[in-house]
Amino acid sequence: MLPPLLIISISIVAIEVVVGFIGNGFITTINTINWIKSKKISSVDLILIFLSTSRFILQVTVLMHIHSLYFADVFKLASEYMDFGALWMFVNHSSLWFSTWLYVLYCLKIINITHWLLLQIKLRIAGMVPWLLLGSLVISSMTSLPLLWIAPSTYLCSSTGNCRENSTVHITDWDSSCLYLLLLYFVGCFFPLVLSVVTSALLISSLWKHRKTMQCYTDTFRDSMIDVHLTAIKSIISFLILYLSSFVAQILLILSTSQSKDIVKVAVSLVVAGAYPSMHSIILITVNSKLKLAFRNLCLHFKCCLEDKPLSPRLEINTLL
């Protein structure tokens, strides 16, 4: 029987996962349909497809992990658990890299660049995006595949095939494997997080300069320019807050398996870690005008269906655009 607090936290995580499935599935579907219809795709939409797909897979791994820990022995063999850990690490790091490139792209489009090197990057960024995504997958593989060679002592299998029982004999071995796990996790997250922080700093600096230079223009023009910067800054800062919170929560979850489990710590960490991929998908929909319009049209479509009203021709055309 699970403790009531843990049941509540798992229920909240389940709701977060459902929201994430809907949000990330919506982003992937809309951008894929537009790609098929127009036979072309923008750099932002391509990154969004990769990002939302990786988030979708990430949330599947979260559900599998919770199920294996508290409900059933899904990973009865140590090799299966190692494969699962490598998959989780891979999609987690890939998702972080894709988010970083998305905000780097936003930053290059918004800020006024004068340095010749950054200007060349800005002019060529559209052609670089597929290679950046491919490079992200390669780097994520390099920081996740080593997990396949780390013995997960916490899940060593007994002769009955039960991997959930732990013996004190393997505590030292597990501590070393935990150290490797944390090292890989830090290495995979460090560089994209630094890029995200630099990007947010550049956006804030650009906003400050615009506020000073746009004072001589009309209020309407000045406000529109500031709104563009503020939207991008709110989005990236929200992403950083969500991811850093998830980063700490995931570390606590990793450490919790090496000690006697603190129910409160595990429960709170599960909720915080599960909020990142779900909440960020909602933020992406609200700050992207095309996705926001498609979501609004889809809601109107469902409303008309529930009220048994005929759809307007314009709404029928724009529901999935």
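A crossing is left-handed if the near helix is turned anticlockwise from the far one by less than a right angle, and right-handed if clockwise. I wanted that handy before starting. I'm working with a predicted model, where local features need pLDDT of at least 70, side-chain atom pairs count only at pLDDT 80 or more, and totals for chains, interfaces and linings use all residues. Residues are numbered from 1 along each chain as its sequence is written, and side-chain values use heavy atoms, with hydrogens and water left out.

**Helices 1 and 7.** I looked up how helix 1 passes helix 7, and the crossing is left-handed. Their axes (lines fitted to C-alpha atoms over the stretch in contact, with angles from 0 to 180 degrees between N-to-C directions) lie 8 Å apart at an angle of about 15°. Helix 1 and helix 7 are therefore roughly parallel (angles under 35 degrees). Helices here are DSSP runs of H or I, at least four residues, numbered from the N terminus.

**Aspartate 45.** I found aspartate 45 in helix 2. Is it buried or exposed? At 8% relative accessibility, aspartate 45 counts as buried (under 20% relative accessible area, 1.4 Å probe, protein chains only). Leaving aside neighbours within four places in sequence, aspartate 45 is in contact (heavy atoms within 4.5 Å) with Asn31 and Lys290. Its side chain makes a polar contact with the side chain of lysine 290, at 2.4 Å. A polar contact is a pair of N or O atoms within 3.5 Å; within protein, one must be able to donate a hydrogen and the other to accept it, and residues adjacent in sequence count only if both atoms are side-chain atoms.

Terms used
Helix = DSSP H or I, 4+ residues; strand = E, 2+ residues; numbered from the N terminus. Buried < 20%, exposed > 50% of the residue type's maximum accessible area, 1.4 Å probe, protein only. Parallel < 35°, antiparallel > 145°, perpendicular 65-115°, else oblique.
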